Amino acid sequence: MLPATFKLCAGISYRHLRNMTGLRRQAAVAISQELNKLAFAGPGPGKWINQVRRRSSLLSSRLEEKPFSEVEMSYIKQGEEALQKSLSILGDQDGWKTETIAGNGDKVLSKMLPDVGKVFRLEVVVDQPLNSVYDELVERMEQMGDWNPTIKEIKILQKIGKDTVITHETAAATPGNVVGPRDFVSVRCSRRRGSTCVLAGMATSYGAMPEQKGFIRAENGPTCMVLRPLAENPSQTKLTWLLSIDLKGWLPKTIINQVLSQTQVDFANHLRKRLATTTTPIAVSC
């Protein structure tokens with residue numbers, strides 16, 4: 001029976017058969033049944049069979065899920081692209097120049113990239129565990145306007161799976177209205193690699209949220225936040241924020257650079273104040 005089962009699996013590797021959901025489910029169930037028999041057949045490699053069986057059960061449950069549409073898959077791919085580009089930028093340590101160093105050690109760096117423009121990099125340590133920081137930045141994303149004065153509102157327009165969302169963000173007016181009303185439509189994704197969480201995003205198009213009257217549609221990205229516990233003190237979190245924004249409109253670069261670097265410094269302070277009032281973090285699932 002087992003050889004026949006693997007022939008069935010080989011068959012679904014062909015594209016025209018792989019699209020047949022019933023056949024895929026049949027293959028997964030057949031594998032699970034055969035592995036169950038082998039696991040209880042006596043001496044043998046029971047350990048690895050059990051591991052494969054657990055993964056087979058996971059595969060069976062995933063096949064029961066509603067498949068993503070082509071449009072949803074395109075957003076998932078955009079989020080992954082934003083993540084990969086952001087990590088690539090952060091991974092290149094050359095060319096960064098110091099913009100600001102606060103008294104508490106918060107630091108903003110910047111560099112010019114030929115295909116992106118000027119990007120900013122915030123590096124801070126927050127006296128809260130990673131779960132608490134993740135909770136505030138992701139699970140409570142739509143409440144960010146309550147504690148971050150630079151944001152008027154963030155609204156989740158669509159959730160795609162457990163890792164990807166489409167958002168609409170309205171920026172609050174700057175002091176003196178130096179930068180006029182801006183809004184953003186972005187695709188955002190979250191990933192966890194070991195003890196590190198990466199929250200990435202970039203500008204996207206969303207038919208249900210066209211350009212709004214009275215706002216200039218600015219563009220994010222690639223941008224990301226990287227969260228990881230300090231090795232010497234896991235109750236603290238190192239936060240690195242890569243910021244890349246095209247504000248559009250006619251604004252002098254000197255004003256843009258000053259606003260963006262100050263925005264990052266202010267964000268760190270507002271986040272700390274918010275976390276000081278938050279005591280029940282949600283388990284990280286990125």
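1. Asn148. Not counting residues up to four places away in sequence, Asn148 touches Phe267 and His270; contact here means heavy atoms within 4.5 Å. Asn148 sits in the loop between helix 6 (130-139) and strand 4 (151-160). Helices (H or I, at least four residues) and strands (E, at least two) are DSSP runs, numbered from the N terminus. Asn148 counts as buried, at 3% relative accessibility. The cut-offs are under 20% relative accessible area for buried, over 50% for exposed, and partly exposed in between (1.4 Å probe, protein chains only). The side chains of Asn148 and Thr150 are joined by a polar contact of 2.8 Å. A polar contact is a pair of N or O atoms within 3.5 Å; within protein, one must be able to donate a hydrogen and the other to accept it, and residues adjacent in sequence count only if both atoms are side-chain atoms.

2. Basis. This is a predicted model, in which local features need pLDDT of at least 70 and side-chain atom pairs count only at pLDDT 80 or more, while totals for chains, interfaces and linings use all residues. Residues are numbered from 1 along each chain as its sequence is written, and side-chain values use heavy atoms, with hydrogens and water left out.

3. Overall make-up. The protein chain has 7 helices and 12 strands. Of its 286 residues, 42% are buried. Among contacts in the chain with a separation of 6 or more, 58% are between residues 24 or more positions apart.

4. Main core. What makes up the largest nonpolar core? It has 36 residues. Leu122, Val133, Leu137, Leu227, Leu239, Phe267 and Leu271 have the most contacts inside it. A nonpolar core is a set of buried Ala, Val, Leu, Ile, Met, Phe, Trp, Tyr and Cys residues joined through side-chain atoms within 4.5 Å. At least two residues of this core come from each of strand 3 (117-126), helix 6, strand 4, strand 5, strand 7 (196-203), strand 10 (223-229), strand 11 (237-243) and helix 7 (253-276). Helix 7 gives the most, with 7 residues.

5. Leu239 and the second core. Leaving aside neighbours within four places in sequence, Leu239 is in contact with Leu122, Glu123, Val124, Val133, Leu137, Val226, Leu227 and Leu271. There is also a second, separate core of 23 residues, which includes Trp96, Cys189, Val198 and Met209.

6. Helix 6. This helix is mostly covered, with 8 of its 10 residues buried. They are Leu130, Ser132, Val133, Tyr134, Asp135, Glu136, Leu137 and Val138. The cover over these buried residues includes strand 3, strand 6 (182-193), strand 7, strand 10, strand 11 and helix 7.

7. Helix 5. At 1.5 Å a residue, the 22 residues of helix 5 (residues 70-91) should span 32 Å; the end C-alpha atoms are 31 Å apart, which agrees. The expected span is 1.5 Å times one less than the number of residues. Buried in helix 5 are Tyr75, Ile76, Gly79, Ala82, Leu83, Ser86, Ile89 and Leu90. These cover an arc of only 155° around the axis, so they lie on the same side of helix 5. The arc is that of the directions from the helix axis to the C-beta atoms. Glu70, Lys77, Ser88 and Gly91 are exposed on the other side of helix 5.

8. Cysteines. A disulfide is a pair of cysteine sulfur atoms within 2.5 Å. By this rule the count is 0. Cys189 is buried at 4% relative accessibility, and Cys224 is buried at 2%.

9. Thr167. This residue lies in strand 5 (residues 164-171). Thr167 is buried, at 1% relative accessibility. Its side chain makes a polar contact with the side chain of Arg188 (2.9 Å). Beyond its neighbours within four places in sequence, Thr167 is in contact with residues including Met141, Ile154, Ile156, Phe184 and Arg188.

10. Two loop sites. Pro222 is found in the loop between strand 9 (219-220) and strand 10. The peptide bond from Gly221 to Pro222 is cis, with omega near -5°. Most peptide bonds are trans. Ala102 is in the loop between strand 1 (97-101) and strand 2 (107-113). Ala102 is partly exposed, with a relative accessible area of 23%. The C-alpha atoms of Ala102 and Val124 are separated by 9.9 Å, with the two residues 22 apart along the chain.
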